[in-house]
Amino acid sequence: MHYFVKKMITAWVAALLCIVMLAVPASAIITDINEDGIVDVFDRLITIRNQLSTPLNLSISSAEGCPGEEVVLCVSIDQNPGFDSARIVLNYDKGLQVLQPDYDDIDEEMLMVRQNMFFSPFRDTGKTVVLSQTKEYTEENGEILYVRFRIPQDAVPDTVYTIHFEDTQLYQNKNVLPMLTARGSITVLHSEDEPPITTTTTTAPATAVTTVTTTGDPLLTDTAATVSETTLTTSAPAQFPETTTVTVTTELTSETTTVTKSSIRGIDISAWQGDVDFNAIKNESDTQFIIVRAGFGKYLKQEDKYFKTYYNGAKSVGIPVGAYWYSYATTPEDARIEANVCAQVLGDRKFEYPIAFDIEEPRALDQGMEKVSAIIEAFCSEMEKKGYFAQIYCSSFYLKNTISESTRNRYDVWVANYNVSKPSYTGNYGIWQYGYGTCAGVKGDCDMDIGYRDYPTLIQQRHCNGY
């Protein structure tokens with residue numbers, strides 16, 4: 001009897017091993033990953049896990065065209081772990097019109113898998129959903145979809161329309177694959193019969209000088225924003241002593257600007273605050289900006305359930321808005337995934353204040369300066385690629401002790417330090433979260449902030465955050 005049971009167990013184990021071995025794609029190269037001296041089914045299991053956890057890259061190409069013309073953009077995949085179906089959602093300016101691709105005019109052989117894609121444009125919403133109607137497994141890298149757009153007849157030359165992914169998911173055996181996404185664009189050209197208008201401008205000599213004088217608090221960062229407008233980075237502004245004259249050589253005429261201390265009052269809120277009365281915030285408090293939590297983690301389902309409501313409420317009463325993403329990332333790879341999910345949640349909304357990377361989980365911050373800095377740079381650089389003004393949110397202690405100076409200087413900083421006259425962090429920062437407080441329109445306490453930069457002007461001048 002025992003012999004029979006042993007034979008049955010052996011047969012079942014053998015069958016299970018065969019199933020697992022067949023589940024690994026034939027093109028996968030199996031090596032002795034666990035270093036036990038044998039290439040076996042356990043190495044195959046690790047290979048599968050690695051394939052599922054490594055994010056694929058999904059991107060859409062860019063194109064140029066004149067008003068009224070049609071252009072074709074291509075969706076491509078790289079680092080493909082293997083997928084068998086897709087749900088692709090494209091978000092774009094409402095002026096663009098999506099047309100079903102004419103595959104008679106396109107080299108369909110270039111497509112790795114067509115999967116009988118079904119296009120479903122939502123009229124006048126700037127959104128199109130593309131669904132796989134057949135399941136066809138592929139591990140290839142390359143072009144998977146063509147999308148045809150018609151540029152508006154009244155489009156202004158030099159206009160740039162952006163196209164990005166929103167709520168897009170690729171599946172492998174019903175598993176949602178992690179992914180990084182890259183947006184595309186359509187640039188409007190001048191028609192041949194309508195050449196560009198040229199203008200003649202007179203500029204001052206290149207030796208002209210702009211002199212900026214700051215007076216008052218050393219955190220006068222509005223001045224720094226003025227001085228650094230020629231750069232495209234979101235680095236934090238320089239600090240100045242009590243009274244300092246800063247001389248900058250430009251092509252502008254010489255002028256002197258005196259900047260005095262100003263405190264811009266703000267709050268930051270999340271679903272923890274529940275229902276909020278934005279009319280009361282606007283009319284009964286001194287709140288001048290609101291930063292809302294967009295979400296947390298690396299899955300779309302972790303969007304803050306009040307994010308859209310808060311955003312729309314603040315916008316409806318004319319209060320400038322920023323957003324933050326609460327991170328659980330412990331590796332740069334996870335941080336990049338979080339950035340892509342964050343961008344999908346933000347969609348095509350415009351923000352006058354930065355998009356902050358909220359890093360405060362001990363398991364991330366206790367890894368040491370090099371790893372923590374790499375995590376921050378992974379998220380922030382990914383957001384910058386997508387056109388956002390990125391910012392670091394962190395406490396004074398960790399800013400001083402676990403984030404490298406180069407990272408702190410590279411990105412704008414939002415420092416948290418409660419119940420003190422000023423933060424213990426002495427580096428550059430644009431926002432200070434100084435404690436809890438009450439605000440008309442918000443039930444209970446919420447986080448209170450002071451801003452020191454003219455973010456709306458700075459962000460719009462740099463064409464970030466949808467501007």
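**Strands, loops and a pocket**

Colleague: Which strands each supply at least two residues of the lining of the largest pocket?

Modeller: This is a predicted model, where local features need pLDDT of at least 70 and side-chain atom pairs count only at pLDDT 80 or more, while totals for chains, interfaces and linings use all residues. Residues are numbered from 1 along each chain as its sequence is written, and side-chain values use heavy atoms, leaving out hydrogens and water. A pocket is an open set of points on a 1 Å grid over the protein atoms alone, where a 1.4 Å probe fits, with protein on both sides within 12 Å along at least five of seven lines; lining residues have an atom within 4 Å of a point. At least two lining residues each come from strand S9 (160-165) and from S4.

Colleague: Which of the strands gives the largest share of that lining?

Modeller: The lining of the largest pocket holds 23 residues, and among those nearest its centre are Val160 and Thr162. Strands here are DSSP runs of E, at least two residues long, numbered from the N terminus. The largest share of the lining is 4 residues, and they come from S9.

Colleague: Let's go to the loop between S8 and S9. Which residues does proline 157 touch there?

Modeller: Proline 157 sits in the loop between S8 and S9. Its C-alpha atom is 5.2 Å from that of leucine 189, although the two residues are 32 apart along the chain. Counting contacts as heavy atoms within 4.5 Å, and leaving aside residues up to four places away in sequence, proline 157 touches Val188, Leu189 and His190.

Colleague: S3 keeps coming up. Over how many bridges does S3 pair with strand S8?

Modeller: Strands pair if DSSP finds at least two bridges between them. On one side of the story, S3 pairs with strand S1 (residues 56-60) in the antiparallel sense over 4 bridges, and asparagine 57 has aspartate 78 as its bridge partner in S3. With S8 (residues 142-150), serine 76 has glutamate 143 as its bridge partner. That antiparallel pairing of S3 and S8 runs over 8 bridges.
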